Structures are given as C-alpha cells and as structure tokens.
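Please read them with the structure open.

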Amino acid sequence: MALVPYEETAEMGLQRFHKPLATFSLANHTIQIRQDWKQLGVSAVVWDAAVILATYLEMGAVELRGCSAVELGAGTGLVGMVAALLA
C-alpha cells in the first residue's frame with residue numbers, strides 16, 4: 001500500500017483523480033478508464049507516469065511487435081493496454 005499525503009480540498013492538481021472517467025487518445029484509439037479513488041485508493045486512478053510511458057511507447061521508442069511483455073505496474077493498466085494495441 002502506498003502512502004500519499006493528500007487533502008481532498010487542496011488545490012494541488014489532484015482533483016482530476018476524483019473524476020470517474022479518464023479519457024486518452026493513444027495508439028490510434030480512444031481509451032476510457034473508470035477511476036474510483038474514494039473506493040479503491042491510489043491503484044484505481046491513472047497516474048501521470050503511466051501516460052508518459054504510454055506516450056513513449058506510442059512514439060516507437062521500443063519495438064513491441066513479436067515481443068511478449070508482462071506489465072508489473074500498479075494501477076489501471078494503461079501502459080499494458082497501449083502496448084497491446086501497438087504490438
């Protein structure tokens with residue numbers, strides 16, 4: 001379990017984690033992921049690092065065709081979905 005110091009009323013940019021739906025355009029697809037911070041905590045939101053890594057894969061920085069991959073991340077699985085769409 002991760003410890004994330006956080007106040008729900010703080011204005012530090014975390015309000016987007018409380019939105020029930022996160023939408024991304026990656027790998028020529030529109031990907032919508034349901035989020036639920038209040039019920040499931042930090043593993044049920046799309047973190048910036050996942051978006052950055054998914055964008056990095058989309059740029060073709062890593063050849064994925066013909067490869068097998070196991071995503072060991074924690075969270076919603078955005079990176080694994082993008083990798084599967086690109087492979």
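The points below go from the overall layout to single residues.

1. Basis. This is a predicted model, in which local features need pLDDT of at least 70 and side-chain atom pairs count only at pLDDT 80 or more, while totals for chains, interfaces and linings use all residues. Numbering starts from 1 along each chain as its sequence is written, and side-chain values use heavy atoms, with hydrogens and water left out.

2. Layout. The protein has three helices and two strands. Their order from the N terminus is β-β-α-α-α. Helices (H or I, at least four residues) and strands (E, at least two) are DSSP runs, numbered from the N terminus. Contact stands for heavy atoms within 4.5 Å. Among contacts with a separation of 6 or more, 52% join residues 24 or more positions apart.

3. Areas come from the Shrake-Rupley method with a 1.4 Å probe; for residues, only the protein chains shown count as cover. Buried means under 20% relative accessible area, exposed over 50%, and partly exposed in between (1.4 Å probe, protein chains only). Of the 87 residues, 24% count as buried.

4. The core. The largest nonpolar core has 15 residues. Such a core is a set of buried Ala, Val, Leu, Ile, Met, Phe, Trp, Tyr and Cys residues joined through side-chain atoms within 4.5 Å. Phe-24, Leu-26, Ile-31, Val-46, Leu-78 and Val-82 have the most contacts inside this core. At least two core residues come from each of β1 (21-26), β2 (29-34), α2 and α3 (78-86). Helix α3 gives the largest share, four residues. Look at Phe-24 in particular: setting aside residues up to four places away in sequence, Phe-24 touches His-29, Thr-30, Ile-31, Val-46, Val-51 and Leu-78.

5. Helix α3. Which residues of α3 are buried? They are Leu-78, Val-79, Val-82 and Ala-83. Seen down the axis of α3, these buried residues fall within an arc of 130°, so they line one face of the helix. The arc is that of the directions from the helix axis to the C-beta atoms. An α-helix has 3.6 residues a turn, so residues three or four places apart point the same way. The cover over the buried residues of α3 includes β1, β2 and α2.

6. Leu-85. This residue is also found in α3. Leu-85 is partly exposed, at 37% relative accessible area. Beyond its neighbours within four places in sequence, Leu-85 is in contact with Ala-27, His-29 and Ile-31. The C-alpha atoms of Leu-85 and His-29 are separated by 8.4 Å, although the two are 56 residues apart along the chain.

7. Helix α2. The buried residues here are Ala-50, Ala-54 and Leu-57. Down the axis of α2 they fall within an arc of 60°, so they line one face of the helix. They pack against β1 and α3. The face turned away from the buried side carries the exposed residues Ala-49 and Ile-52. Just after α2, Gly-60 takes a positive phi of about 85°.

8. Nonpolar surface patch. Leu-53, Tyr-56 and Val-62 form a nonpolar patch on the surface, with about 250 Å² of accessible area together. Patches are made of residues with over 30% relative accessible area and no salt bridge; like charges are joined within 9 Å, nonpolar side chains (Val, Leu, Ile, Met, Phe, Trp, Tyr) within 5 Å. A salt bridge is a side-chain nitrogen of Lys or Arg within 4 Å of a carboxyl oxygen of Asp or Glu. Tyr-56 sits in helix α2 (residues 48-58). Tyr-56 is partly exposed, with a relative accessible area of 41%.

9. The β1-β2 loop. Most residues other than glycine have a negative phi. Ala-27, in the loop between β1 and β2, has a positive phi near 55°. Asn-28, found in the loop between β1 and β2, has a positive phi near 60°. Are these residues buried or exposed? Ala-27 counts as buried, at 7% relative accessibility, whereas Asn-28 is exposed, at 82%.

10. Arg-34. This residue lies in strand β2 and is exposed, at 70% relative accessible area.
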